[in-house]
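Here is a short report on charged side-chain pairs. Look at the structure first, then read on.

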Amino acid sequence: MKNWFCFLLLSACCYTVSAQTYNPDKVNKKAMDLYEKAIGLLKEDELKEAVPLLLESIQADKNFADAYLSLAGVFGELKQYKRSLQFYELGRALDTVYFQPYLLPYSINLAGDGQFDAALTSVTRFLQNPKLNDRSIRSAAYRKKTYQFAIDYANKHASDSNYTFLPENLGDSVNSSSSEYYPSVTVTDSLLVFTRRGKFMREDFYSSTILGKQFSKSVPIGGRINEEAQKGAITVSQDGEWMLFTGRFAESGYDHFDLYISYYTPDGWSEPENLGPSINTEFWESAPSLSPDKRVLYFSSNRPGGYGSRDLYYSERLPNGKWSPAKNMGPHINSAGDDQAPFIHADNQTLYFTSDGLPGYGGADLFVTRKNNNGEWGIPENLGYPINTIENEGSMAVSADGLTAYYSSDRFDSRGELDLYRFPLKEKIRPIRTLYLKGIVSDKITGKKLPSLVELIENKDRVVLMKIQTDETGGYFVTLPVGKNYTLSVNRKGYLPYTAQYSLANKEADSVYIQDIALEPIQLHAVFTFKNIEFASNAFDLPATAAIELDKLVDLLNENPSLQVEISGHTDNTGREPDNILLSKNRALAIVHYLQSKGIAAERVTHKGYGSSKPIAGNDTPEGRAKNRRTSVEITGL
């Protein structure tokens, strides 16, 4: 606020005006005494306390222009833009010439109220004065650029005019008289975690259970995670098992704020561990966000070698559990300013962040970028007004269904300082609605839990969206963005591959999927049935999606060079049996040819068409016949 107060004085003194009718020397003594008391409070940042005195000053002298204009500035600082404009216009009515230096702050409050055309007109008039000082010219030129951006954005996105932005305060169960910020939610949309600032700048982590539209009373997160005072910017993994945050711990850090991780245990959250030199430096690292498969960590840092003051970086988790050296996300994401607060959605394809260097409305705006099928991030898109404003926007998290965003703000109905809010996202800037799949991987014979590699592959483009290494408990948790068809692939050395289909492109998906997976050890006569190879009727050309599973079979044969297999084709009992035998044989042969094209020796692979002679289900229902139409692999030699 003191910066604003200094700016207001500079603005009023930026040039000399003449022919004004208002004379401050003629203000009555009572009004001036009240005004000077109010100014004293403003110098101490006591804005709300100054308002009654300024109102009394106006009542004592209704021609006191400075009282109107100062009150307008106070309401603007309190983000009560309509009241600010009301008093600016009352002050202008007293003397339009005296008002001219206030055209710039007036324009800022017009923009705060969403009146960007009027704001542009006002700042343009301000810049027409030839006696402006350099600082005023720079400030006004910057504002003019942001107003023009807002106008151009509105014209380009005219369909957004029907969007209603009414953020809902999360209420007393979550918010307090202190500041709450950096919200994060799990993929189940059942747990909210955030940071609360306490006395002496201490920051602690809190959680609240989401119960429909309600929130349980927030409580400090248990375990040792809250022991240190200097920490913040918390995020929770999508499965709720990991928490990552920034902290400054003298005994385990690199001389500045570093990134730390804590794991959920039966006794609460574990003692924080520094993520190490591949991620942390002697400079500032903050704002972690973890991909849903726990393989990529996004964060912000001011380390040298970036494109601006603070850039976005990422690090990939290696097979041994360590993190790769962090890489800058590049100049198409990072700007010459501060790029911060990344949030990767559960769909693993949509990233939100803040930037004050990319074109926007002034200050730090929220942006979204999306990953293409080649794993490349697109050009960031401003989320637009009224989500972005002339103020600095903070971090944002988005629910798994893509409909609701959570963010921190000091709006008019906050409980004290910054509060947490939620609001519906515009359709154009939503991520993909995301569900989840979870289960246990075990040995089919012994039941022993198996650490395994779990992959989620998008069928159309055969892109691996998620890759997860399960722990010794065999537990896996995979997010499923709706709208596409997927293959779930599970692999472990010494076992046959496992695949399953999740077709979410053309149907309403269930809320969750729970699938325990029993892997079959490699042994004589073990059988693996392809789930992804669906031949067209009376055809034996391999479908494009066949490569997803066949490449896993190629890997299996390469890892076990003595292994021999038979590819068998099967049909239902529809049609003539000789035709079925020939068709099933040709389908098996198509797979053999694919394996040979990948370097598998011909003598290791045989094939046979069985027609309808080996059904695994009844042929009296469509579902049974579909199960009988299959191709399989049987181990015939070890």
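## A buried pair

Glu285 and Arg303 form a salt bridge (a side-chain nitrogen of Lys or Arg within 4 Å of a carboxyl oxygen of Asp or Glu), with their closest N and O atoms 3.0 Å apart. The two residues are 18 residues apart and link distant parts of the chain. Glu285 sits in strand S12 (residues 285-290), while Arg303 lies in the loop between strand S13 (296-301) and strand S14 (311-316). Strands are DSSP runs of E, at least two residues, and helices are runs of H or I, at least four, numbered from the N terminus.

Glu285 has a relative accessible area of 0% and is buried. Arg303 is buried too, at 12%. Buried means under 20% relative accessible area, exposed over 50%, and partly exposed in between (1.4 Å probe, protein chains only).

## How the model is read

This is a predicted model: local features need pLDDT of at least 70, side-chain atom pairs count only at pLDDT 80 or more, and totals for chains, interfaces and linings use all residues. Residues are numbered from 1 along each chain as its sequence is written, and side-chain values use heavy atoms, leaving out hydrogens and water.

Arg422 is in strand S22 (residues 419-424) and Glu168 in strand S1 (residues 168-169), 254 residues apart. Arg422 is buried at 11%. Glu168 is partly exposed at 41%.

## A pair within a helix

Asp33 and Lys29 form a salt bridge at 2.8 Å, N to O. Both lie in helix H2 (residues 29-43), 4 residues apart, about one turn. Asp33 is partly exposed at 33%, and Lys29 is exposed at 62%.

## The whole count

The whole structure holds 16 salt bridges.
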